[in-house]
Amino acid sequence: MKQTLLFLLLLTLHTVHSQEQQEAYIIQADSTWGKEIIKFPIEWAPKLTLEGYEELTFAPEWSKENHDDFWSIIMTWRVKTNQEIPLYELEYNLLHYFDHLMKPNYWAQEFPLPEAEFKAPITTEKGTEYEAQLTFFDGFHTGKVITTYILGQQIFNQATEEAIIIFKISPKPYTEAIWEKLNAQTIITGFKKD
């Protein structure tokens, strides 16, 4: 009897967790891409000012330093907000996210803080779009400082008071083939700009 109750409890928890993850997906990617969902606020990044969640979509070989997929990810934030989030606030959150993400690590005790350089945003029918470069200490794979390129987009929906912020990230310049792979991943939530 106890085993049956335990099995039913575990099955219920698994079903609820699976449904929650399935409903949360924002980016459609094939099965070779990795996926992780993290709710905001994040305990390990206390300076973040966002409430909602993030979805990380990893290129298949993102952890291999000598592969074209290295550090190529799509970081998507779905957050509560009553207005489009200004670029300076996105930059603040991105920098603190990467600063706390890489601490602690076994590569070094001290290393430079992340730095970002955003170009002026452009408003399009798809939302606000921007380019940026982010330099940070890679505490996951190499123990080196790396610079990545970012193609970003923010879609604000006033009716639901939410925004989706997408950061497509890679250390490869925009002319490299990895950007075709990153740009081929699509939004599947039906979330539309107001």
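Y174 is partly exposed, with a relative accessible area of 29% (buried means under 20%, exposed over 50%, partly exposed in between; 1.4 Å probe, protein chains only). The model is predicted: local features need pLDDT of at least 70, side-chain atom pairs count only at pLDDT 80 or more, and totals for chains, interfaces and linings use all residues. Residues are numbered from 1 along each chain as its sequence is written, and side-chain values use heavy atoms, leaving out hydrogens and water.

**Aromatic pairs**
- The whole structure holds 16 aromatic pairs (Phe, Tyr or Trp rings, the six-membered one for Trp, with centres within 6.5 Å; planes under 30 degrees apart are stacked, over 60 edge-to-face, the rest tilted).
- Y149 and Y174 pair edge-to-face, because their ring centres are 5.3 Å apart and their planes stand at 65 degrees.
- Y149 sits in strand 8 (residues 145-157) and Y174 in the loop between strand 9 (162-170) and helix 3 (178-184), so the pair ties together parts 25 residues apart in sequence (helices, H or I, at least four residues, and strands, E, at least two, are DSSP runs numbered from the N terminus).
- Y149 is partly exposed at 21% relative accessibility.

**Salt bridges**
- The count is eight salt bridges (a side-chain nitrogen of Lys or Arg within 4 Å of a carboxyl oxygen of Asp or Glu).
- E55 bridges to K35, with the closest N and O atoms 2.8 Å apart.
- E55 is buried at 0%, whereas K35 is partly exposed at 28%.
- K64 and E61 meet at 2.7 Å, N to O.
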